[in-house]
Amino acid sequence: MTKAFSADQWDERETWSRDRLAAFQTEALRRQLAYVEANSAWYRARFEVAGFRAADFRGPADLARLPLTTKQDHLAALEAAPPWGTALACAPSAVRRVHFSSGTTSRPTPDAWTAADLARWADLYARAAYSQGAREGDVFQCLFSYPWFVGGLGATAAFERIGCAVIPGGSGDTERQIETLFAYGTTAIMATPSFAAHLAEVAQRMGRDLRKSKVRHIGVGGEPGAGVPATRARLEDLWGAKVYDCYGSLEFQPIAWDCAAQAGGHLMEDFAFAEVIDPETGAAVPDGTPGMLVLTHLDKQAFPLVRWATGDVVVRDSRPCACGRTHARLPGGVLGRADDMIVIRGVNLFPTAVEDVVRAMPGLADEYRIILDDSVRDPATGFPTGIHLQVEAVGEAPPDIGHRLADTIRTKLLVRAIVEVLPPMTLERFTHKAKRLVKR
Ligand SMILES: [Zn+2]
């Protein structure tokens, strides 16, 4: 059912003045912190240790008195009383949905939603998709994974709410997905950037040209992608469609989605209060400076989080957007994971920076691996002195392409690279979440 506030805007909150938004956030934080204190035994104990009482909350500056909540903290709270732990802030009978983390860094952790949480989530996703141009009558093929993963059902609910026909394709059956999108005139898809690239590769092998499909709107999420300019340009060229970055996590659905202006995803500032901090010192950093994103729910019942350390490094820009929305943006999307950051002789390097160089170079496929192994490690200290990079040639790649790539990386990223150019289709393709940094 459509609920557009105006032709361009789903919800009047999207263009509130910054002052009005700030006043709303203070009130919402006061209400949410009181709810958390009353209903989460785990947070109540943490508040007590910090000498914090929700009743004394005066404004967002008071949040800094509370410790960060890390994934490890969350895991410990869950293990203290499985399966929900002491952090669930609603009755277990009020839970209406459970999703799980992919478990790439630890065992899978759950997150839960009440009926109100689910409705809010669907509305925020719909708001974001609407801001990208999705409208009633679109045919939406959802290419996010459905089992366990948080993206598939969320996107489904959003596009249904806007008034689209939804085809729940999931993240497998690549050839059938391609046949389906031509047969049913799919106009919008969502997928991981890896799967969107993989679909294009397979379509070419099938002799189908995705640019001749009706797909005009591609939302990508689940991994950095559309925030990397070369990746976005490559995907837009392969599909002949606009590519929008959709950043969320299991714990926060959604965090920041691109609008039609593609000028950095808008934070959902009426849903989560955002801080950007120096991950080493914990101090707030100003707009324009990279730092770790820390989020506090303003409106979540089942698993509310206070000062959640996302581990994602971002740059915030609170200036108005060309689209007229006032919520701050994250230009470039997620720059990297605070723990994926490789430090090489004092230079900070994220895999996404390497990706930008690889994908901008003609003659190379999209796939790559960054390997930190003994070939690029100082034997005395064990620290990396460069990166070992595997890429794939496509078509008539010039014989010196490896050297040229290494030169470009040294010039642009100030890092030494040992480049290995492999034959086409050697590296594993990912249809869900890509893992391109390998430490041996
Ligand atoms: Zn905008």
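Mentor: Of the contacts in the chain with a separation of 6 or more, 67% are between residues 24 or more positions apart, a contact being two residues whose C-beta atoms, placed from the backbone, lie within 7 Å. This is a predicted model, in which local features need pLDDT of at least 70 and side-chain atom pairs count only at pLDDT 80 or more, while totals for chains, interfaces and linings use all residues. Residues are numbered from 1 along each chain as its sequence is written.

Buried residues make up 44% of the 440 residues in the chain; a residue is buried if 20 or more other C-beta atoms lie within 10 Å of its own, exposed if 12 or fewer, and partly exposed in between. The largest nonpolar core has 104 residues, and those with the most contacts inside it are Tyr125, Ala129, Ala196, Ile218 and Ala272. Such a core is a set of buried Ala, Val, Leu, Ile, Met, Phe, Trp, Tyr and Cys residues joined through C-beta atoms within 7 Å. Its largest share, eight residues, comes from helix H4 (residues 115–131), where helices (H or I, at least four residues) and strands (E, at least two) are DSSP runs numbered from the N terminus. At least three residues of this core come from each of domain 1 (1–335) and domain 2 (342–439), with bounds from an automatic or database domain assignment. Leaving aside residues up to four places away in sequence, Tyr125 touches Gly154, Ala155, Ala157, Ala158 and Pro254. In soluble globular proteins, nonpolar side chains tend to be buried together.

Burial can also be followed along one helix, H9 (residues 351–360), which is largely enclosed by the rest of the structure because eight of its 10 residues are buried. Those buried residues are Pro351, Thr352, Val354, Glu355, Asp356, Val357, Val358 and Arg359. Their cover includes helix H8 (229–239), helix H10 (401–413) and several strands, among them S17 (364–372) and S18 (387–393).

Helix H8, part of that cover, also lies across strand S6 (217–220) and strand S7, running at about 135° to S7; axes are lines fitted to C-alpha atoms, for helices over the stretch in contact, and angles run from 0 to 180 degrees between N-to-C directions. Strand S7 (residues 242–247) pairs with strand S8 (residues 256–257) in the antiparallel sense over two bridges, pairing being at least two bridges found by DSSP between two strands. Here Tyr247 stands opposite Ala256 in S8.
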